[in-house]
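Student: I would like to learn how to read the packing of side chains in a model. Could you take me through it step by step?

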Amino acid sequence: MPRGNLIVICVAFVVAMICYQSAAQSRYALMFQQGMRTISDFYVRPVENEDLFNAAMEGLTAPLDQNSVYIAPPRYSNFRRELGQEFGGIGVHVDFDEETREMVIITPLAGAPAYEAGIQAGDIVLAIDGVDLNGEDFDKSLERLHGETGTPVTLTVRHIGQEDPVDITMTRANIMVESVMGDTHGEGGKWDFHLASNPKIGYIRVDSFGDRTAEDFEFALEQIDEEAEGLIIDMRGNAGGYLTAAIQMVDMFIDQGDIVTTRTRNNRIRDVYEASSGGTIVPSDLPVVVMVNRFSASASEIFAAALQDHGRATVVGERSFGKGTVQSIFPLDGDRRAMKITTATYWRPNGSNIHRFPDSKEEDDWGVTPDEGGEMELDDETLTKVIKARRLHDVDRTNFSNPDEANEREISDEEKELLDFEDPQLQLAIELIEEAKK
């Protein structure tokens with residue numbers, strides 16, 4: 001066959017395939033329009049086109065994963081404000097357990113209404129304002145948490161290790177999220193980024209990754225004494241956020257090598273994020289410990305995995321959550337609404353996968369596992385004590401109008417016990433730093 005004829009046949013085949021796929025897409029689009037028109041014209045009661053469209057878009061993302069959703073207005077504006085570290089609501093990061101069909105609190109943001117009201121990481125949300133969730137769509141459950149600033153909302157939750165649920169009422173607020181915190185409050189109510197029990201060790205707690213997290217983290221590093229013997233970075237309960245913030249923070253510790261790789265469909269490499277060669281902020285000889293637990297997910301796992309793989313930090317605690325997927329935002333309708341869908345997965349510098357898929361087993365390679373000697377799982381009772389003790393230490397007693405009143409305020413026997421309680425995972429982190437300095 002002449003070469004020219006072969007080229008014509010190949011071109012014709014490609015054009016035919018494009019036309020076929022285009023025709024198939026047009027066919028489904030036409031059927032979608034027919035479906036909306038049929039309901040609009042013949043359903044026994046009038047239905048708004050907006051309601052039909054929103055329902056159809058929710059159905060379009062339903063067969064995907066729990067992190068792929070359609071975001072209708074006005075929830076889209078709330079979603080954008082949350083990533084910008086300012087939003088209206090009660091201030092919680094949540095996840096949906098596909099197996100049990102339950103909403104799980106991953107992190108109550110420090111200082112937010114949920115945190116102040118006593119919501120804890122690991123709480124199971126059973127009802128919102130007296131209406132049982134009953135395995136309803138995750139997106140709908142999230143929507144019911146939202147509302148106007150200043151309005152009350154009651155969550156029925158089951159705490160870790162407890163059988164009887166409790167009702168907790170809080171008031172929705174416009175929240176400025178403080179994502180980088182220290183151990184206690186110092187002069188002027190500012191965070192002290194040293195351990196109160198061991199001031200020679202720096203301590204930074206990162207609650208989430210937002211617009212200002214990397215900048216605030218760098219500021220916290222600058223507040224730590226140059227004579228510090230080590231640094232503990234607490235990522236426990238951190239549900240993630242902006243990938244960029246995690247990359248920028250890793251870059252403060254290493255000056256070469258991969259930080260994280262994203263792969264798309266068919267395991268194709270999409271992006272490779274590398275450390276810059278401009279030097280580091282943290283001295284290379286300073287011992288560093290990163291703390292994670294079962295609620296550490298996404299960007300916090302990327303941070304911990306990168307420092308672990310580069311030998312720059314020891315990881316302490318328990319195996320992380322295993323949320324290693326990338327969600328991309330696709331704005332619709334002039335940026336009034338959007339689709340958030342999973343488009344890639346995260347891979348560690350050592351080439352291992354981070355994500356725990358629904359069919360993953362415990363022996364499979366996912367998440368971040370503590371280093372040898374750094375493993376310490378907490379039972380439900382101890383984890384509850386850790387959470388409550390942290391909540392008490394977070395109280396800024398310098399904000400009392402009368403300092404004497406702050407110091408003399410009566411506390412309950414339970415509070416006294418919690419203030420004296422030693423976090424076992426934190427104690428292990430301290431021991432490892434002390435060993436590294438010998």
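Tutor: Let us begin with burial: a residue is called buried under 20% relative accessible area, exposed over 50%, and partly exposed in between, with a 1.4 Å probe and protein chains only. This is a predicted model, in which local features need pLDDT of at least 70 and side-chain atom pairs count only at pLDDT 80 or more, while totals for chains, interfaces and linings use all residues. Residues are numbered from 1 along each chain as its sequence is written, and side-chain values use heavy atoms, with hydrogens and water left out.

Student: Is Tyr 70 buried or exposed?

Tutor: Tyr 70 has a relative accessible area of 0%, so it is buried, whereas Phe 53 counts as partly exposed because its relative accessibility is 25%.

Student: How should I read a pair of aromatic rings?

Tutor: Such a pair is described by the distance of the centres and the angle of the planes. Rings of Phe, Tyr and Trp (its six-membered ring) pair if their centres lie within 6.5 Å, and planes under 30 degrees apart count as stacked, over 60 as edge-to-face and the rest as tilted. The structure holds four aromatic pairs; one of them joins Phe 53 and Tyr 70, edge-to-face, at 6.2 Å centre to centre with 85° between the planes.

Student: How far apart are the centres of the rings of Phe 253 and Phe 303?

Tutor: Their centres are 5.9 Å apart and their planes stand at 80°, so this pair is edge-to-face. Phe 253 is buried at 3% relative accessibility, and Phe 303 is buried at 0%. Ring pairs also bring in Phe 217, linking it with Phe 253 and Phe 303 into a cluster.

Student: Which residues have the most contacts inside the largest nonpolar core?

Tutor: In soluble globular proteins, nonpolar side chains tend to be buried together. A nonpolar core is a set of buried Ala, Val, Leu, Ile, Met, Phe, Trp, Tyr and Cys residues joined through side-chain atoms within 4.5 Å. The largest one here has 47 residues, and those with the most contacts inside it are Ile 204, Phe 217, Ile 233, Phe 253 and Phe 303. Apart from it lies another core of 16 residues, including Val 92 and Ile 128.

Student: What lies over the face of Phe 321?

Tutor: A charge sits over a ring if NZ of Lys or CZ of Arg is within 6 Å of the ring centre and within 35 degrees of the ring normal. Arg 356 lies over the face of Phe 321, 4.9 Å from the ring centre, and its charged end also sits over the ring of Trp 366, at 5.1 Å from the centre.
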